[in-house]
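Visitor: I'd like a close look at one part of this model, the side of one chain that faces its partner. Could you walk me through it?

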Amino acid sequence: MEETRRGTVTSLASLFPVGEAQKAANRVQYAIAEKRAELDRLLGFIDDNNNLINLVHKLPEELSHDIMVPFGKAAFFPGRLIHTNEFLVLLGEGYYAERTSKQTTEILKRRGKGLDSQLDSLEAMIKDLQAEAMFFGQTIAEAAEGLVEIREDYIEDSHKGETKSGPLKQDAPDLEKAKPDDEYARMLSRMDELEKEELAAESGGDNGKNEQTTEDVDDISYQRPVDNEPRNSEDFHKGAPPVDQANNKSMATKSVEKHCHPDVADQLNFASLDLQSNVREGKNAAKKVKFVDHIEKPLVHHEEKQVKAATASKSEVQHQPSQPSFDSHKAFTGSIVEHTENIKTSNGQSSTSSQVSGSQPSKPVSRFKMQRR
Amino acid sequence: MSSLSSAVRDLQRELENKTNDLSKLQKDIAKNHQVRKKYTVQLGENELVLKELDLLNEDANVYKLIGPVLVKQDLAEANSNVRKRIEYITAELKRLDATVQDLEEKQNSKKDAILKLQQRIQSLQTSKAKA
């Protein structure tokens with residue numbers, strides 16, 4: 001089970017053959033070179049334009065200029081420029097306009113602006129292409145090194161339930177489809193085993209914990225989520241742990257209930273507090289999969305939910321296969337997906353609340369809110 | 001056996017025809033793209049001229065280069081000429097877009113047909129090899 005859960009490993013070279021990547025890189029390089037040539041041309045235009053502006057600006061300073069007039073290809077003869085403030089400006093498309101030096105300069109400046117904007121867009125394009133080229137270069141290097149891509153679907157079953165959904169979901173979708181019933185049966189049996197183990201283990205640990213809880217009610221509810229975060233990822237890999245915890249919790253609940261009687265003095269006061277913390281925790285746990293230490297008795301409610309959930313799990317199992325696929329699209333950040341979970345939690349919760357105590361809120365609270373408290 | 005091989009030959013001839021058609025289509029598309037590019041450049045130039053003409057004073061002298069001579073033109077006339085030209089060019093661009101689209105559709109269908117033909121030839125050849 002665990003193995004199937006872990007994602008796939010693909011060598012980068014098989015995804016992007018070095019040869020292909022090389023070709024793509026060459027193509028991009030060629031495109032860059034082309035754009036560069038264009039850029040150079042444009043820069044030449046801009047240069048010419050600026051020179052022309054300077055010339056047009058200077059010409060009217062004198063009434064006339066002595067110049068050498070080109071005559072044919074190789075001949076010049078001396079001449080004079082007169083009317084130095086009259087220009088015939090080509091506007092394009094064969095249209096010319098008579099303009100003064102000042103007006104001409106304005107026209108030229110407008111043209112210069114157009115050129116500048118072209119230059120900017122070209123530069124942006126070249127930048128884009130360079131980024132692309134860099135990407136291809138990196139890919140080539142990585143593929144050549146034999147880098148491997150590991151893809152692991154993020155499975156958020158954790159939240160829903162520690163219960164059944166954990167292991168089930170983790171199996172890759174295909175596995176699930178193939179034999180969901182089988183898996184389910186296995187899970188259940190596994191849960192039973194775990195439950196037994198935990199019962200044995202918990203009887204010892206409960207007392208100490210209870211006291212702690214009462215004292216640290218606030219801390220605990222507040223800290224748990226945080227602590228749990230790192231664990232979450234671990235849980236995914238292990239697959240089994242969530243189940244354990246669920247079991248633990250169910251046991252814990254029982255033990256907690258028992259506890260109340262013996263330590264009445266200490267705990268009576270805290271009982272209500274405790275309950276509340278439990279409730280909160282239970283929710284946290286349910287949503288987050290945070291299976292804190294197994295001995296958290298606070299999670300009483302949880303267990304119950306889980307057990308129930310297990311029965312309900314069949315229906316859930318069916319729609320689970322579809323989830324992994326969209327899971328993979330979600331960011332790998334651990335905890336933000338609430339929709340699916342909320343639905344589930346609410347199921348669990350309602351059962352819980354009825355059983356555990358009337359005081360608990362029966363509607364699902366956003367996980368974020370819970371953490372804040 | 002001989003009928004099979006003749007069928008293959010027929011198919012191959014057909015394939016050849018289709019590939020010729022396809023390459024013709026591709027040439028047309030390329031030509032169209034070039035014309036389109038030319039028109040876009042002209043459109044840009046005309047818009048520039050129009051902008052400059054709009055900025056001119058009423059009494060400015062405007063000339064049009066016709067062949068080797070500059071012919072003096074009325075500013076209003078020049079203005080309306082340029083506008084007309086822009087209209088014409090945009091209409092032409094639209095027409096070109098439509099034809100390019102049309103050609104591309106044809107090209108795609110031709111490609112599909114060629115692919116199918118190739119598959120048929122292949123399956124025929126494999127069955128021939130088996131027989």
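Visitor: Let's start with residues 86–120 of chain B: what percentages of helix and strand does the chain have there, and how far apart are the end C-alpha atoms?

Guide: Over residues 86–120 of chain B you get 100% helix and 0% strand, with 51 Å between the end C-alpha atoms. Bear in mind that this is a predicted model, where local features need pLDDT of at least 70 and side-chain atom pairs pLDDT 80 or more, while totals for chains, interfaces and linings use all residues. Residues count from 1 along each chain as written, chains are lettered from A and ligands numbered from 1 in written order, and side-chain values use heavy atoms, without hydrogens or water.

In its unreviewed entry, UniProt lists that stretch, along with residues 1–28 of chain B, as "coiled-coil region" (positions follow the numbering used here, names are shortened, and annotations may be inferred rather than shown by experiment).

Now for the face itself. On chain B, 22 residues are in contact with 14 residues of chain A (heavy atoms within 4.5 Å). About 1,600 Å² is buried between the two chains, 56% of it from carbon and sulfur atoms (accessible area, 1.4 Å probe, lost on putting the parts together and summed over both).

Two salt bridges cross the interface (Lys or Arg side-chain nitrogen within 4 Å of an Asp or Glu carboxyl oxygen). One joins Arg85(B) and Glu93(A), at 3.1 Å from N to O.

Which elements build chain B's side? Those giving two or more residues are α1 (2–55), β1 (62–66), β2 (69–73) and α2 (75–130) of chain B (DSSP runs numbered from the N terminus: H or I, at least four residues, for helices; E, at least two, for strands). The top contributor is α1(B), with eight residues. By class, the face has 12 nonpolar, six polar and four charged residues (nonpolar: Ala, Val, Leu, Ile, Met, Phe, Trp, Tyr, Cys, Pro; charged: Asp, Glu, Lys, Arg; polar: the others, including Gly).

Strand β1(B) has partners in both chains. Three bridges join it, antiparallel, to β5 (residues 95–99) of chain A (pairing takes at least two DSSP bridges), and Tyr95(A) stands opposite Lys64(B) there. Within chain B, five bridges join β1(B) to β2(B), again antiparallel, and Ile66(B) faces Val69(B). Two residues sit between the strands of that hairpin, where Gly67(B) takes a positive phi near 60 degrees.
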